[in-house]
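The entries follow the order in which I looked things up.

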Amino acid sequence: MAMTALPDLGSLKLLVDVGELGSLGRAARAAGIAQPSASKRIAQLERRLGLPLIERTPRGSTLTSEGRMVAGWAAQVLAAADELMRAAQAVRHTEAAHLRVASSMTVAEYLVPRWLGELQNREPEVQVGLDVVNSADVAARVLAEEVELGFVEGPTVPDGLAGRVVGTDRLVVVVAPGHPWARRRTALRGPELAATPLVVREPGSGTRETLDVAFGRLHRASPRLELGSNSAVKGAAQAGAAPAVLSGYAVESDVATGRLVEVPLSGINLVRSLRAVWRRGRALTGPAATLLTIASRP
């Protein structure tokens with residue numbers, strides 16, 4: 001059954017509450033709506049998904065087996081939406097921000113929202129200002145003391161900064177499904193990749209620096225395109241402009257859905273560390289220290 005629109009978050013929250021609170025009536029009261037209205041929203045959700053979600057009995061309403069599965073997925077969607085709103089609020093920083101942070105794009109897109117959500121849960125009074133720029137600009141802002149803490153993707157700690165590894169990432173080569181590399185049976189080696197015009201991130205980005213270091217002294221072709229965001233690089237690759245090199249985080253869903261195809265590699269190391277950075281000689285305190293602890297956890 002094709003869905004014409006995504007379910008609204010309020011209906012998903014209602015379904016989750018039915019499972020957690022044990023009845024539609026309790027879920028309706030938690031949402032501040034009348035039970036008939038709640039019943040109508042659940043019925044609309046059932047029609048939209050094409051699944052029976054609630055079993056109505058004389059003793060009340062309980063989730064069906066399908067409802068329990070959907071409620072589990074819905075809880076993940078709600079958590080992701082909450083992370084999105086917290087991160088968006090941080091990007092809209094004001095002069096009242098208690099903690100100023102700068103992050104490279106990949107880390108900001110895929111890791112920072114979860115970290116900020118946990119910081120907010122621990123210290124709800126803290127207002128965070130988040131600047132999303134490339135890794136070189138993150139380092140510059142930390143050195144200029146415009147922000148207390150930064151997150152970068154490059155292979156080294158920039159001069160003048162202290163750093164701590166908070167994760168790892170792997171760059172991958174992706175192509176459009178119609179590209180010849182999408183059907184190759186042998187792994188792509190470093191010299192062939194380096195000699196191919198690629199779609200890449202701009203100089204100053206951690207992704208570009210990692211690729212430059214990995215290529216070392218190999219003979220290199222000029223980039224086909226240099227673009228300033230992960231989305232732009234993915235779009236160019238999907239359109240068939242050329243193979244692209246991007247973070248595995250950035251292309252995971254596109255590879256899973258077949259919009260892009262990952263090309264196997266051999267003999268070239270594209271694994272990189274993700275780091276928190278701050279001014280050398282300056283001890284982090286308060287919310288900055290708490291955020292560093294959260295980000296450093298395995």
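I started with strand β6 (residues 161–175) and strand β13 (residues 271–279), which pair in the antiparallel sense over nine bridges. I took strands as DSSP runs of E, at least two residues, and helices as H or I runs of at least four, numbered from the N terminus. Two strands pair if DSSP finds at least two bridges between them. Leu161 stands opposite Arg279 in β13.

The model is predicted: local features need pLDDT of at least 70, side-chain atom pairs count only at pLDDT 80 or more, and totals for chains, interfaces and linings use all residues. Residues are numbered from 1 along each chain as its sequence is written, and side-chain values use heavy atoms, leaving out hydrogens and water.

I then followed β6 to its other partners. β10 (residues 244–247) runs antiparallel to β6, with four bridges. β11 (residues 261–263) is also antiparallel to β6, joined by three bridges. Val173 has Val245 as its bridge partner in β10 and Val263 in β11.

Next I checked the whole chain. I found twelve helices and 13 strands. The C-alpha trace spans about 75 × 50 × 30 Å along its principal axes. Of the 298 residues, 42% are buried (under 20% relative accessible area, 1.4 Å probe, protein chains only). For contacts (heavy atoms within 4.5 Å) between residues at least 6 apart in sequence, 75% join residues at least 24 apart.

Last, I looked up the annotation. An unreviewed UniProt entry lists residues 7–64 as "domain: HTH lysR-type"; such annotations may be inferred rather than shown by experiment. This span is 62% helix and 14% strand, and its end C-alpha atoms lie 18 Å apart.

Technical notes. Buried < 20%, exposed > 50% of the residue type's maximum accessible area, 1.4 Å probe, protein only.
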